[in-house]
Amino acid sequence: MDPFILMLAIPLVSGALLTVAGERAWAPNLNILASLGTFLAAAGLTAEIVASGPRFAFGEQFFIDSLNVFFVALTAFVGLTTSIFSGPYMANEAAHGRLTKPRLRLYKSMYQLFMFTMLVALTTNNLGILWVAMEAATLTTVLLVSLYRTPASLEAAWKYFILCGVGIAQALFGTILLYFAAERILGESGNALLWTHLVSAKAFLDPNIMALSFIFLLVGYGTKVGLAPLHNWLPDAHAEGPTPVSAVLSGLLLNVALYAILRCKVLADGAIHSDFAGNLMMGFGLFTLLLAAFFLSKQKDVKRMFAYSSIEHMGLITFAFGMGGAVANFAGLLHMTMHSLTKSAIFFAVGHATQKVGTQMMADIRGLIRVNPLIGWGLLLGTLAILGMPPFGVFASEFMILTHAMKHHAWATPIMLLALGVAFAAIFGKVQPMVFGETKAKRLPHAPAITPVFVHLALVLMLGLYIPPYLTRWFEEAARMLG
Amino acid sequence: MNATPLFAQLINLFAAVILLLSFSMLAQRRVIQLINLFALQGFTLFLSTLVVAVNTGQSHLYWSAGLTLALKAMLLPWILHRLVRQLQVKSEVEPLVNIPTTMLIGIVLVMISFNVALPISQLSSAIARGTLGIALAVVMLAFLMMITRRKAITQVVGFLSMENGLFLAATSATYGMPMVVELGIALDVLVGVIILGVFFFQIRDQFDSLDIHHMERLKDN
């Protein structure tokens, strides 16, 4: 069987199955099994692309090349580990009486459908379908953010829906403008929104329309990436939703939205013949980085704080891709991988920690290392990794971004160093007493799943010390495609 | 693709009506009337799509027109009316900014939209000239409505009206997006409204009101 079709069919079918069957004893296992199947199919697809180059599927409607297959593999992997983590996590939530059976069913079916929409968004060749899949990804997660039905979670979900709805509407306007520019060159057939056709004709697209279109696309998809000033939904949604949802939002959804911007940037660069798109991204990225760093120190809720840290890193990645060129793109891709793995590991550790202590307020979480050394160490190491301490992989990518900026955009370096320094002080100062110090936590009814935390951190550590040559080649090829 | 003057004028006429309806929605104080105005906007959108379809003879535009009529002029207003009845929403819309000021801001937004769209309109064929600016203005006015209104349901009408503006841009300026994209967009909008319906009940159960004023507790401090 074609691994590509399997990869899309498994989450879709199992999502439907989990909806119909309801909450049974085997449902959590089916959720994990489906995620494992998706991951294996994605791995098969990756192997195929690495071996024999880009391919189409369903006519020309889907297109997989070395750029998006990299995101596909990452998405399927984090999807798998998050489903493993969420088994005991959600069981504990149910045992604490925070979730009922219908809500557990809603969670699992929406989780699978969310994976499906993200994989469609990543693999589609049609920029219109990309938009549809991004919107569908929002819709599947809105009800997950409000899963606890508390006033705060409803408020967060409402904000998420309205802000992302408005943002995504801007992106649709950008897509319409893009189509408007393209149909003058490619004709009125359905092909005018296919990325592969657009790329071959990008030099002929009207620069004025493309500039306007890119602004709308950047603001629109940028809302979902969490770029300031449209980032307000992100901390609320991360803090109030269940932790597995925070992990996939931070680790995956933000990446997919940024991927959409990158695809559009390639077209805009080809049409405009200047650094317009890159400069715009650098500006937004730097502003986001700085703003998030200063908001970090004000946070009291641990998930909210790490949500701001996600905004900060997304700003840094956007800045890296804005600089453009092989080195910066390579660093951006590497940083995206590192951030996804590290941030989801942190959310896993934080999820178990908050369950043990029964609160998300950092002032009340103390002495994790005595309660459960594994959770304590997981959180501490994850935090050190995300703050860019060597020898973790985040250090490598941040170092590359900084040195490249020093060489080509020296003015930005002090701003970046300031933001990274402030973020370091804020996060480390708050996590340190959470891990050490005195405690009064109790046992959990279901043993937490710690393995995913350390699998992720081990990968981040390995990539910090040694990047296998095939991975380097792969990153380089993807970076070259971004121009 | 040469449009006869009559067709071009009809499209401009309908686009102008849609813009006027956006303004009257901004000025409207009653929820029921607001939904009716939204339905009327959907119907006008159907007419303008139909005119483009007849003029260009593209079969998929007839489908779009039919979809618009069914979804935006009938199904969505019906769902919204049902929600208002079941949730017993009070009929007054409470604006955060008073209405004359909102209208003035609206006029400024329309001028900005026309200026932004001007260089692009000049590239367009005769049939679409000006409509892109109008479509952008409709999007901006809907955005304004979402910002200045307090009730959750008014924000949703604003959101859907924004969709109308986007659809106007898609049909009049580009003769419609590819069919598969339009179907996807329609599906997303429909699913979105259904989810919001579910969501309204949750909000009301928690807050005993659909006033989003209650939902301002999440802040950075």
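**View 1. Helix 10 of chain A meets helix 13 of chain A.** From helix 10, the residues taking part are A:T243, A:S246, A:A247, A:S250, A:G251, A:L252 and A:N255, and from helix 13 they are A:M336, A:S340, A:K343, A:S344, A:F347, A:F348, A:V350 and A:G351. Here, two residues are in contact if their C-beta atoms, placed from the backbone, lie within 7 Å. Helices are DSSP runs (H or I, at least four residues), as are strands (E, at least two), and both are numbered from the N terminus. The residues of this contact divide into six nonpolar, eight polar and one charged. Nonpolar covers Ala, Val, Leu, Ile, Met, Phe, Trp, Tyr, Cys and Pro, charged covers Asp, Glu, Lys and Arg, and polar covers the others, Gly among them. The model is predicted: local features need pLDDT of at least 70, side-chain atom pairs count only at pLDDT 80 or more, and totals for chains, interfaces and linings use all residues. Residues are numbered from 1 along each chain as its sequence is written, while chains are lettered from A and ligands numbered from 1 in the order in which they are written.

**View 2. The axes of helix 10 and helix 13 of chain A cross at roughly 175°.** These axes come within 8 Å; they are lines fitted to C-alpha atoms over the stretch in contact, with angles from 0 to 180 degrees between N-to-C directions. The two helices are therefore roughly antiparallel to each other, a term for angles over 145 degrees.

**View 3. Helix 16 of chain A spans residues 393-408.** Its 16 residues reach 23 Å from first C-alpha to last, close to the 22 Å expected at 1.5 Å a residue. Which residues of helix 16 of chain A are buried? They are A:G393, A:V394, A:A396, A:S397, A:E398, A:I401, A:H404 and A:A405; buried means that 20 or more other C-beta atoms lie within 10 Å of a residue's own. Their cover includes helix 12, helix 13, helix 15, helix 17 and helix 18 of chain A.

**View 4. Chain A touches chain B.** The contact takes 37 residues from chain A and 34 residues from chain B. On the chain A side, the elements giving two or more residues are helix 5, helix 6 and helix 8. Helix 6 of chain A gives the most, with 16 residues. This side of chain A divides into 23 nonpolar, six polar and eight charged residues.

Technical notes
The expected span of a helix is 1.5 Å times one less than its number of residues. A residue is buried if 20 or more other C-beta atoms lie within 10 Å of its own, exposed if 12 or fewer, and partly exposed in between; C-beta atoms are placed from the backbone. Angles under 35 degrees count as roughly parallel, over 145 as roughly antiparallel, 65 to 115 as roughly perpendicular and the rest as oblique.
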